[in-house]
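Dear colleague,

I am passing on to you the structure below, together with some notes on what turned up in it. Please look through it alongside the text that follows.

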Amino acid sequence: MKTLKLSKVLLFTALVTVGLSLTLSGCSDDEENKTTVSATEEKNNPFDHTHDVEVTDIQKHKFEHDFARQCVERELKNSVNKEEDRERFTEPCMCIATYMMKDLTAQEAEKFITEHENPRSLQIKFDSAAYHCLQQKSPPKEPQLFGKQKSEEAS
């Protein structure tokens, strides 16, 4: 009988100990963990662009017009008829600048406007914008050979 009473007492103390340990660990303060998590979140991740300073509308507007003007000048370097080509290049260059302006970061705007540099990211955006803006144009008409149209040739 002694072993039966001893095992009952041992079982009771084990249950009380487990219950107290669960209760105490459940009541621990989580404030320490929150402060350490927020401290690690505050570290600047180079791949996280959510903390970038937003580009103001004035900077975007200035970028749009400066970039369009620079685009037209670049296209006119090898032009023979500058006045006619200026009119022809103004619209696509403005379309490209407007398309690029949508995803403009503050760092890119600063480099372009104040430092007069073209970072690689702007070059990538330029290629994408040029493809977007120039694919909308209809291709020039094909020449008619010997007065026949395509529909007549197929018949």
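The link of Cys95 and Cys133 is left-handed, with -85 degrees about the S-S bond; since this is a predicted model, please read that value and those that follow as computed. The sulfur atoms of Cys95 and Cys133 lie 2.1 Å apart in this disulfide, and because Cys95 sits in helix α4 and Cys133 in helix α6, the pair ties together parts that are 38 residues apart in sequence. Cys95 is partly exposed, at 27% relative accessible area, whereas Cys133 counts as buried at 6%.

The structure holds two disulfides, and the other one is formed by Cys71 and Cys93, with 2.1 Å between their sulfur atoms. Its torsion about the S-S bond is about -60 degrees, so the disulfide of Cys71 and Cys93 is left-handed. Cys71 in helix α3 and Cys93 in helix α4 are 22 residues apart, and their pairing links distant parts of the chain. Cys71 is buried, with 2% relative accessibility, and Cys93 is buried as well, at 3%.

Leaving aside residues up to four places away in sequence, Phe112 touches Phe63, Asp66, Phe67, Gln70, Glu117, Asn118 and Leu122.

Conventions:
Residues are numbered from 1 along each chain as its sequence is written. This is a predicted model: local features need pLDDT of at least 70, side-chain atom pairs count only at pLDDT 80 or more; totals for chains, interfaces and linings use all residues. Side-chain values use heavy atoms; hydrogens and water are left out. Contact means heavy atoms within 4.5 Å. A disulfide is a pair of cysteine sulfur atoms within 2.5 Å. Helices (H or I, at least four residues) and strands (E, at least two) are DSSP runs, numbered from the N terminus. Buried means under 20% relative accessible area, exposed over 50%, partly exposed in between (1.4 Å probe, protein chains only).
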